[in-house]
Amino acid sequence: TRIDYIDIQGVATTVAGLINLFVYDGTTYVLWQQVPVIAITSSTTSPAFSAALSSNSNANIMPLTLPTGYSLRATTSVTQTGVRVTAYGGDF
């Protein structure tokens, strides 16, 4: 599996913290990357938090290639009620 792009999007008010991205081999979680989240109170005039990992802006870590049976997992360091993490890629 090759992951080319990871989109992290706040869908509500966010608090300061981290999004932790782990590679999981079916038994063990290995921390791969951490993305800082900033506190934003989203409104009709203030956009929500967003971040992206891609080969354009992160050539040293992207694309991420995962062996068969591995997966990418995401957690937060603090309770976030409105953050969505989406990975884009495919099996080749």
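I note that the model is a predicted one.

Strand E2 covers residues 17-24 and pairs with E3 in the antiparallel sense, over 8 bridges. I found Tyr 24 opposite Tyr 29 in E3. The two strands make a hairpin, with 4 residues between them. In that turn I noted Gly 26, whose phi is positive at about 100 degrees.

Next I looked at the other partner. E2 and E6 are also antiparallel, and I read 6 bridges for this pairing. Phe 22 faces Arg 73 in E6 across the pair.

I put the pairings together. The sheet is open, has 3 strands in the order E3-E2-E6, and is antiparallel in its pairing. Strands E3 (29-37) and E6 (71-76) are at the edges; each has a single partner strand, so one side of each lacks a neighbour in the sheet.

How many of the 8 residues of E2 are buried? I read 6, so I logged the strand as mostly covered, buried being under 20% relative accessible area.

Last, I looked up salt bridges. The count is 1. The side chains of Arg 2 and Asp 4 form a salt bridge, at 2.8 Å from N to O. I checked the exposure of both residues. Arg 2 has a relative accessible area of 33%, so I logged Arg 2 as partly exposed. Asp 4 is partly exposed as well, at 26% relative accessibility.

Conventions: Residues are numbered from 1 along each chain as its sequence is written. This is a predicted model: local features need pLDDT of at least 70, side-chain atom pairs count only at pLDDT 80 or more; totals for chains, interfaces and linings use all residues. Side-chain values use heavy atoms; hydrogens and water are left out. A salt bridge is a side-chain nitrogen of Lys or Arg within 4 Å of a carboxyl oxygen of Asp or Glu. Buried means under 20% relative accessible area, exposed over 50%, partly exposed in between (1.4 Å probe, protein chains only). Two strands pair if DSSP finds at least two bridges between them.
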